[in-house]
Amino acid sequence: MDGKHMQIGEVAARTELSLRTIRHYEETGLVIPSARSQGGFRLYTEADVARLMVIRRMKPLGFTLDQMRDLLDATDRLDHDTGLDADERAALLERVRTYQQAAVEQVAKLRVQLARAEDFAATLGARLEQNTATARP
């Protein structure tokens, strides 16, 4: 290998995604390996890893595969399509802004859930401590 390409195992380790998950994302068209080895092994680049990291970050926020695909399409076009006119660029930026706002809103909801979970864990801890203290002779 030339150092620019990684096999799926290395990509899985770097992204903390399972081989199965990476293959699923390939099957759904979210991430396509940049190349194949002579033996037919999937080969990935840093750009592929970055793409997988975007997907990995979107998943816990509740984005669907179609939404992930849409966002990746918009960012790919913004990053690589130099022939965009001003209206196309503005429309793509608005799509990205919509996803950014949805992510911010979901993070706020998750913070509330986390605060409730922490409160619940603390309440249980206090109850255990109280009952352990009163059970001592």
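1. The second largest pocket of this predicted model is lined by Val-54, Arg-57, Met-58, Leu-61, Phe-63, Leu-71, Val-96, Tyr-99, Gln-100 and Ala-103, and its volume is about 150 Å³. A pocket here is an open set of points on a 1 Å grid over the protein atoms alone, where a 1.4 Å probe fits and protein lies on both sides within 12 Å along at least five of seven lines, and lining residues have an atom within 4 Å of a point. The volume is the space filled by probe spheres set on the points, which are joined across faces, edges and corners.

2. The elements giving two or more residues to the lining of the second largest pocket are H3 and H5, and the largest share, four residues, comes from H5. Helices (H or I, at least four residues) and strands (E, at least two) are DSSP runs numbered from the N terminus. By class, this lining has eight nonpolar, one polar and one charged residues, where Ala, Val, Leu, Ile, Met, Phe, Trp, Tyr, Cys and Pro count as nonpolar, Asp, Glu, Lys and Arg as charged, and the others, Gly among them, as polar.

3. A search of the whole structure finds one aromatic pair, formed by Phe-63 and Tyr-99, which is tilted, with 5.9 Å centre to centre and 55° between the planes. Rings of Phe, Tyr and Trp (its six-membered ring) pair if their centres lie within 6.5 Å, and planes under 30 degrees apart count as stacked, over 60 as edge-to-face and the rest as tilted. Phe-63 lies in the loop between helix H3 (46-58) and helix H4 (65-80) and Tyr-99 in helix H5 (residues 86-135), so the pair ties together parts that are 36 residues apart in sequence. Phe-63, at 11% relative accessibility, counts as buried, and Tyr-99 counts as buried at 12% (buried means under 20% relative accessible area, exposed over 50%, partly exposed in between, with a 1.4 Å probe and protein chains only).

4. The largest pocket has a volume of about 210 Å³, and H3 and H4 each supply at least two residues of its lining. That lining divides into four nonpolar, two polar and four charged residues, including Asp-48, Arg-51, Asp-76 and His-80.

5. On reading the model: residues are numbered from 1 along each chain as its sequence is written. Local features need pLDDT of at least 70 and side-chain atom pairs count only at pLDDT 80 or more, while totals for chains, interfaces and linings use all residues, and side-chain values use heavy atoms, with hydrogens and water left out.
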